[in-house]
Amino acid sequence: MKTLRDTWLVFQRHMLLMVRSPLSIVLGVAQPAVYMALFAPLLKPALASMGAGSMTDAYRIYVPGMLVALALGGGLYVGFGLLAELGSGVIERARVTPISRVALLLGRSLRDVVTLVIQAGIIIVLSMPLGLFVRVPDLLLAYVLLALITLSSASISYGIALRVSSPDVLGQLVNNLAQPLMLLSGTLLPLALAPLWLRRASDWNPFSWAVVGMRELFAGHAGDPAVWQSIALMAALAVLALTWSARLFARSVR
């Protein structure tokens, strides 16, 4: 119970900081909005072989992938904030309090999840005038999946940040990790258009399963096995990533 209470307190603190500086949320949505305006119009002819006969069909394929890319990329870059707090002594001051070390990490991660959910909501609202429609139950399941993706990627980022302790090294590692994960997950274009060897390689990427599950949800197929497989896989990855980063965090601030 103490860990849960401490997690709530840390979460409240970081949410307050986010409310005081909402520009980060807006900036996080800016790049996806640009892609929707400048890249998405190319999708109708590109996805015609997959049955995309209208821009509505194209956005139903593209937007879920873009949301996964936002959750994955946004989560992997949150480690820079942790390094800034380590450098400024914020974590050192928290260390002398009786607060749970795990809560210090978990509270931050939950803040990252809320940030992603807000950004995803903005993107979906922006997509509606373009013809995108998704049922509320399917959208809620999509939010669950996005939350698990963000929790996984944020925990991985925090763990890497604690291991390298250098913003320059962290930036290089995150870039080298994010690029192949996104390319092998089919966030921009479905991997069904890729050659066979690339599709087989993507099977080892858990985030490609998440993209497939998201697209099934936006297509209204909540009962498709891909949806529940992706949720289970992301939940397992989130638990593993949280456990790894929490142990590193507890040792580093002991």
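**Exercise 1. Is Arg111 buried or exposed, and at what relative accessibility?**

*Solution.* The model considered here is a predicted one.

Step 1. The relative accessibility of Arg111 is 16%. The limit for a buried residue is under 20%, so Arg111 counts as buried.

Step 2. The partner of Arg111 is then identified. Arg111 forms a salt bridge with Asp112, and their closest N and O atoms are 2.9 Å apart.

**Exercise 2. Determine how many salt bridges the whole structure holds, and describe the one formed by Arg135.**

*Solution.* Step 1. A search of the whole structure gives two salt bridges.

Step 1. Arg135 meets Asp138 through their side chains, at 3.0 Å from N to O.

Step 2. The exposure of each partner is stated in turn. Arg135 counts as partly exposed at 44% relative accessibility, whereas Asp138, at 3%, counts as buried.

**Exercise 3. Classify the aromatic pairs of the model, and state how many there are.**

*Solution.* Step 1. The count comes to two aromatic pairs. A pair of aromatic rings is described by the distance of the centres and the angle of the planes.

Step 1. For Trp8 and Phe11, the centres are 5.6 Å apart and the planes make an angle of 35°; this pair is tilted. Both residues belong to helix α1 (residues 2–20), where they are three residues apart, about one turn of the helix. Phe11 counts as buried, at 14% relative accessibility.

Step 2. For Tyr77 and Phe80, the centres are 6.1 Å apart and the planes lie at 15°, so this pair is stacked. The cut-off used is that planes under 30 degrees apart count as stacked.

Step 3. Tyr77 is partly exposed, with a relative accessible area of 36%. Phe80 is also partly exposed, with a value of 29%.

**Exercise 4. Explain why the buried residues of helix α5 line one face of the helix.**

*Solution.* Step 1. Helix α5 spans residues 79–88, and its buried residues are Gly79, Leu82, Leu83 and Glu85.

Step 1. Seen down the axis of α5, these buried residues fall within an arc of 160°, so they line one face of the helix.

Step 2. The residue that follows α5 is Gly89, with a positive phi near 90°.

**Exercise 5. State which residues of the largest nonpolar core touch the most other members, and which helix gives the most to this core.**

*Solution.* Step 1. The largest nonpolar core has 53 residues; those touching the most other members are Leu67, Ile123, Leu146, Ile149, Met214 and Phe218.

Step 1. Several helices each supply at least two residues of this core, including α2 (23–38), α4 (55–76), α7 (101–127) and α12 (225–252).

Step 2. The helix that gives the most to this core is α8, with 13 residues.

**Exercise 6. Describe the surface patch that contains Leu188 and the setting of Trp204.**

Step 1. Leu188 lies in the loop between α9 (167–183) and α10 (196–202). Its relative accessible area is 39%, and Leu188 is therefore partly exposed.

Step 2. Trp204 is found in the loop between α10 and α11. At 77% relative accessibility, Trp204 counts as exposed.

Step 3. Trp204 and Ser185 are 19 residues apart along the chain, and their C-alpha atoms are separated by 9.7 Å.

Notes. Residues numbered from 1 in each chain as written. Predicted model: local features only at pLDDT ≥ 70, side-chain atom pairs only at ≥ 80, totals over all residues. Heavy atoms only, no water. Buried < 20%, exposed > 50% of the residue type's maximum accessible area, 1.4 Å probe, protein only. Helix = DSSP H or I, 4+ residues; strand = E, 2+ residues; numbered from the N terminus. Arc of directions from axis to C-beta. Patch = residues over 30% accessible without salt bridge, like charges linked within 9 Å, V, L, I, M, F, W, Y side chains within 5 Å. Areas by Shrake-Rupley, 256 points an atom, 1.4 Å probe, with all protein chains shown as cover. Salt bridge = Lys/Arg side-chain N within 4 Å of Asp/Glu carboxyl O. Phe/Tyr/Trp six-rings, centres within 6.5 Å; stacked < 30°, edge-to-face > 60°. Core = buried A, V, L, I, M, F, W, Y, C linked by side-chain atoms within 4.5 Å.
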